[in-house]
Amino acid sequence: MNLLATLRIALNALKVNKLRSTLTMLGIIIGVGAVITMLAVGNGAQARVEEQIKSLGSNIMIMFPGSTVAGGARGGAGTSQSLTEDDAAAIVREVPEVQVAAPSMRGTGQAIYGNSNWSTTFYGINNDYFEAREWPLVAGRDFEAAELSGAGKVAVIGQSVLAKLFGETALPEDAIGQTVRVRQVPFTVIGVLARKGQSMLGSDQDDVIFVPLATARNRLFGNQAGKLRRVGTVSIKTRDGMSMSEAEEKIRALMRQRHRLQPGQDDDFTIRNLTEILQAQEASSRILTILLAAVAGVSLLVGGIGIMNIMLVSVTERTREIGLRMAVGARARDILNQFLVEAVTLSLIGALLGILIGFAGSMSIGNFAGWRVEIEAEAVLMAVGFAAGIGIFFGYYPARKASRLKPIEALRYE
Amino acid sequence: MAEPLIRTRDLAKEYRMGETVVRALDGVSLSIDAGEFVAVMGPSGSGKSTFMNLIGCLDAPTAGDYFLAGENVAHLSGDALAAIRNRRVGFVFQQFNLLPRTTAQENVELPLLYTGLPKAERRARAKLRLEQVGLGERLDHQPSQLSGGQQQRVAIARALVNDPVLVLADEPTGALDSRTSVEVMGLLQSLNREGITVVLVTHEHDVAAFARRIIGFRDGRVVEDRANAALDARAAQPA
């Protein structure tokens, strides 16, 4: 007997008991829907973290200055001006795990081009910063040595600044060579950076102007009082495959030595290992995904047991039919196939409806909770495959029971 | 003499019921030629139904041999027996055993499904057989929409659809009133005239009277095997 005919018999049998078939399918529908929705939520969370890691640059630590203590009152983080360019240079030199340590100073100011202006953030940096953040240029060039040492009035701008000053449709090349004034200081734009997107905290990382460190210190901050070579933060990138926590310990020891801190004295700097924080987040969101899917999988399993239950009832109810089919020439495997196909049809129709439910559920969670959801083709295929597997697994026992009936006994069954 | 269609040799069947062993058939040796119309009679428990199940290949004997058209089929596998039932035997049951909520057409097609014929051919053959039993107008009726006699005629069409050499009828009139019984028996009789071997199990004498040979069973043994004298007498007279 061919598969198509078997399928038709199965569909007819399911049609005869519509309510029962629907209720049985409900277990699979809910199971598949739940698996797809949970995986979509979990994958969405994971994708968000992964994106953050990517925009941050890999293996990144950030070192901030510590707090000042004035008359017993402790200022907040960053209030002291303890970090210098020399600290950054020493870290690269002394700690072998460190690939690059990029000092930077941050400020805000009004940027003006032609008749448009925009309040933005500027950073004084050197080229190491682009390496640490893995941030390529899309037009122009980065700073030259003479510009860095001679406080050259040149700037590299982010995509948002480009759009705000030069117009939404401006090409990166349009900005090159133009003069932009920041805090009344004219800068020649020499480069435009690639788009970076949102930061971990949701701020726009492309709304930024980069100038050489010396230029920022001398011309934008107006040579405020303080250490001559002080910097705001140091972005540290460790080499691939090196332990970040080990590097962190070595940097801490080096910094305490350089700042001549006594044992027992507080650090005058803070190191934040962003990559590790994000990786921990990623790991926990991955575990969450697995957990959610496992819980949803249990409901799929329960749905499978429902199928088995109904198939067993069905085999008992249709014992005479089985006997008759055997009497007119059905072989044991024809009967086995018939009931197996029925169970698999039940679970596959359930799976298809479950996919619709899963899509609807994911969309509504995405809309109402505002979470990011991502439905992956693999997740859908997996759920359907799992449902088919459940149909075969839980359908096999009842089907085998049916196929092992003796024609005589089945025919006489009351 | 040609090989008979059915030949059994010391055919025996035992059932185990708890501790006791019931010998339902106790060494039956007989032959039925192609084209015969045989009624198997006997009280309940005489072994007539067991005999019928064995020659219909629905069950396997405990001992002895059964030759169907010369081939020993007593100890074939389940699948081989299914193939024989499918292609060479047609069954008519007391309770009709039609599939509910299924049209007459589809009920008759059922054996062809396991023969592997294409759909168009299945439909054509089923239609032909239903017309042959006088139900050409009721192809799309479900069993619940048919009378008992019509249902049994659908069952006969189903038994014939695979062109069997042997039709086995187990109390085919047991669930019918006497008028429709006569109709159904007349149908079996006309099939027999077309050359199909019919074996009928019954305990009613007026049903057995349609057969040309009567075999009596008691306690698992053949106690009587005679030609139906009445029928022969009737046949001798011009109708």
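Predicted model: local features only at pLDDT ≥ 70, side-chain atom pairs only at ≥ 80, totals over all residues.

Residues are numbered from 1 along each chain as its sequence is written, while chains are lettered from A and ligands numbered from 1 in the order in which they are written.

Chain A is divided into domain 1, made of 3-52 + 279-412, and domain 2, covering 81-267, with bounds that come from an automatic or database domain assignment. The centres of domain 1 and domain 2 of chain A, taken over C-alpha atoms, are separated by 56 Å.

Two packed helices are described by the angle between their axes and the distance between the axes. In chain A, helix α10 (residues 274-317) packs with helix α12 (residues 332-368) at an angle of about 145°, the axes being 11 Å apart; helices here are DSSP runs of H or I with at least four residues, strands are runs of E with at least two, and both are numbered from the N terminus. Axes are lines fitted to C-alpha atoms, for helices over the stretch in contact, and angles run from 0 to 180 degrees between N-to-C directions. The crossing of α10(A) and α12(A) is right-handed, a term used if the near helix is turned clockwise from the far one by less than a right angle, with left-handed standing for anticlockwise. On the α10(A) side, Gly303(A), Ile307(A), Met311(A) and Val315(A) meet Phe339(A), Ala343(A), Leu346(A), Ser347(A) and Gly350(A) of α12(A), where contact requires C-beta atoms, placed from the backbone, to lie within 7 Å. By class, this contact of α10(A) with α12(A) has six nonpolar, three polar and no charged residues; Ala, Val, Leu, Ile, Met, Phe, Trp, Tyr, Cys and Pro count as nonpolar, Asp, Glu, Lys and Arg as charged, and the others, Gly among them, as polar.

Between the chains, 19 residues of chain B are in contact with 18 residues of chain A. On the side of chain B that touches chain A, α2 (78-88) and α3 (104-113) of chain B each supply at least two residues, and the largest share, six residues, comes from α2(B). Within α2(B), Leu81(B), Ala82(B), Ile84(B), Arg85(B), Asn86(B) and Arg88(B) are buried, a label that needs 20 or more other C-beta atoms within 10 Å of a residue's own, with exposed meaning 12 or fewer and partly exposed lying in between. The cover over the buried residues of α2(B) includes α11 (319-327) of chain A, together with β4 (63-68), β6, α3 and β7 of chain B.

Chain B holds an open sheet of six strands in the order β6-β7-β8-β3-β9-β10, with mixed pairing; two strands pair if DSSP finds at least two bridges between them. Its edge strands are β6 (89-92) and β10 (221-227) of chain B, each of which pairs on one side only. Inside this chain, strand β7 (residues 166-170) and strand β8 (residues 197-202) pair in the parallel sense over five bridges, and Val167(B) stands opposite Val198(B) in β8(B). Helix α5 (residues 148-160) of chain B packs on the sheet, touching β6 and β7 of chain B, and its direction makes about 170° with that of β6(B). Leu160(B) lies in this helix α5 and counts as buried because it has 24 C-beta neighbours inside 10 Å. Leaving aside neighbours within four places in sequence, Leu160(B) is in contact with Gly90(B) and Arg129(B).

A further open sheet in chain B has four strands in the order β2-β1-β4-β5, with antiparallel pairing. At its edges stand β2 (20-32) and β5 of chain B, each with a single partner strand, so one side of each has no neighbour in the sheet. Two bridges join β4(B) to β5(B), and Leu68(B) stands opposite Glu71(B) in β5(B). Ala69(B), in the loop between β4 and β5 (71-72) of chain B, has a positive phi of about 50° although it is not a glycine. Ala69(B) counts as partly exposed because it has 15 C-beta neighbours inside 10 Å.

Definitions and conventions. Contact = placed C-beta atoms within 7 Å.
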